[in-house]
Amino acid sequence: MEIKKYAAIDIGSNAVRLLVSNVIVQENSPTQYRKSSLVRVPVRLGADAFTTGVISENNQTRMINTMKAFKLLMDVHGVEKYKACATSAMREAKNGQEVIEKIYKESGVNIDIINGKTEAAIISATDLNELILGDKSYLYVDVGGGSTELTFFSKGKIIASKSFKMGTVRAIDKQTHKEINKKIKNWIENKSEGLSKIALIGSGGNINKIFKMSTRAEGKPLSYIYMRAHYKFLKQMTYEQLISELGLNPDRADVIIPASKIYINAMKWSGAKNIYVPKIGLADGIIKALHSGKLDE
């Protein structure tokens with residue numbers, strides 16, 4: 001048996017995460033990935049990038065301090081390999097590259113800005129294979145702060161994939177345009193034509209939270225009817241009630257409603273009656289891609 005320790009840093013539009021995993025390799029057995037530590041810091045880069053177009057001095061300082069802390073945590077965990085990936089907010093910020101160079105100089109953490117297609121490919125290389133077997137068709141939906149990645153699977157293969165500039169932080173800042181909604185609707189309806197028995201696979205912090213609140217057993221899907229009822233329930237509550245009564249973090253309470261709407265629309269437009277919520281995300285995908293050699297350090 002061989003145990004390796006890898007880390008992934010996911011720099012999103014709503015938060016920054018560090019995942020440390022034990023990768024357990026045994027002869028004649030599938031490789032196991034066990035979470036050792038997960039740290040989430042609510043640095044909302046999208047609030048800068050999607051409004052002013054630049055990462056502010058305040059968030060630059062917070063990012064530098066976060067990466068210094070992550071570097072120390074990786075050192076004490078004895079991490080052998082790590083990869084840091086930045087998505088939508090850093091992609092769109094005019095000073096994104098400059099900020100990344102500054103972070104590297106101050107913390108020693110090297111960050112790659114990845115595009116939407118790469119992001120979707122990394123995530124879909126996680127545990128989706130266990131779900132997409134058989135004759136069914138699936139629409140994989142990953143809702144982030146700045147973008148939504150959509151991928152259609154049929155008979156175990158990717159048949160279409162696209163990234164849209166529709167995210168929860170954009171929605172807060174009133175940047176969710178009817179035009180983008182229309183584009184997503186047309187794309188989903190077009191690509192789902194001829195596919196039967198479509199189910200959704202949802203990923204992202206918000207759908208994970210919704211699933212946890214549902215108290216459903218792991219592996220069991222949430223129905224379209226449940227998602228709509230839950231959305232109505234959340235909409236009746238104030239921001240303060242979402243925090244005090246439902247126990248949501250402040251940076252989750254203001255994005256969970258727009259996120260729910262995106263998943264519900266995707267279900268409606270694809271004709272899906274159920275959404276599966278496996279515990280996957282960009283950080284999990286990075287760990288697996290590091291192990292398989294598909295991503296360099």
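A salt bridge is a side-chain nitrogen of Lys or Arg within 4 Å of a carboxyl oxygen of Asp or Glu. By this rule the count comes to nine salt bridges. The structure is a predicted model, in which local features need pLDDT of at least 70 and side-chain atom pairs count only at pLDDT 80 or more, while totals for chains, interfaces and linings use all residues. Residues are numbered from 1 along each chain as its sequence is written, and side-chain values use heavy atoms, with hydrogens and water left out.

**Stop 1**

Select aspartate 254 and arginine 44, whose side chains meet in a salt bridge of 2.8 Å, N to O. Aspartate 254 lies in the loop between helix H12 (250–253) and H13, and arginine 44 in the loop between strand S3 (32–41) and helix H1 (46–49), so the pair ties together parts that are 210 residues apart in sequence. Helices (H or I, at least four residues) and strands (E, at least two) are DSSP runs, numbered from the N terminus. For accessibility, buried means under 20% relative accessible area, exposed over 50%, and partly exposed in between (1.4 Å probe, protein chains only). Aspartate 254 counts as partly exposed because its relative accessibility is 24%. Arginine 44, at 17%, counts as buried.

Next, select aspartate 112 and lysine 83. Their closest N and O atoms are 2.6 Å apart, and the two residues form a salt bridge. This pair links distant parts of the chain, with aspartate 112 in strand S5 (residues 111–113) and lysine 83 in strand S4 (residues 81–86), 29 residues apart. Is lysine 83 buried or exposed? At 8% relative accessibility, lysine 83 counts as buried, whereas aspartate 112, at 29%, counts as partly exposed.

Then select arginine 91 and glutamate 119, where the side chains meet in a salt bridge of 3.6 Å, N to O. Arginine 91 belongs to helix H3 (residues 88–92) and glutamate 119 to helix H5 (residues 116–124), so parts that are 28 residues apart in sequence are tied together. Glutamate 119 counts as buried at 7% relative accessibility, and arginine 91 as partly exposed at 27%.

**Stop 2: the nonpolar cores**

A nonpolar core is a set of buried Ala, Val, Leu, Ile, Met, Phe, Trp, Tyr and Cys residues joined through side-chain atoms within 4.5 Å. Select Leu139, Ile188 and Met227, which have the most contacts inside the largest nonpolar core, a set of 39 residues. Among the elements that give two or more residues to this core are strand S6 (137–143), strand S7 (148–154), helix H9 (205–214) and helix H10 (224–235). Which element gives the most to this core? That element is H13, with nine residues.

Now centre the view on methionine 227. Leaving aside neighbours within four places in sequence, methionine 227 is in contact (heavy atoms within 4.5 Å) with Ile207, Ile210, Leu222, Tyr263, Ile264, Met267 and Ile275.

**Stop 3: phenylalanine 164**

Select phenylalanine 164, found in strand S8. At 6% relative accessibility, phenylalanine 164 counts as buried. Not counting residues up to four places away in sequence, phenylalanine 164 touches Gly146, Ser147, Thr148, Leu150, Lys183, Ile184 and Trp187.

**Stop 4: two loop residues**

Most residues other than glycine have a negative phi. Select asparagine 28, in the loop between strand S2 (16–25) and S3. Phi of asparagine 28 is near 60 degrees, a positive value in a residue other than glycine. Asparagine 28 counts as exposed, at 79% relative accessibility.

Move on to lysine 197, in the loop between H8 and S9. Phi of lysine 197 is also positive, near 50 degrees, and lysine 197 is exposed, with a relative accessible area of 56%.
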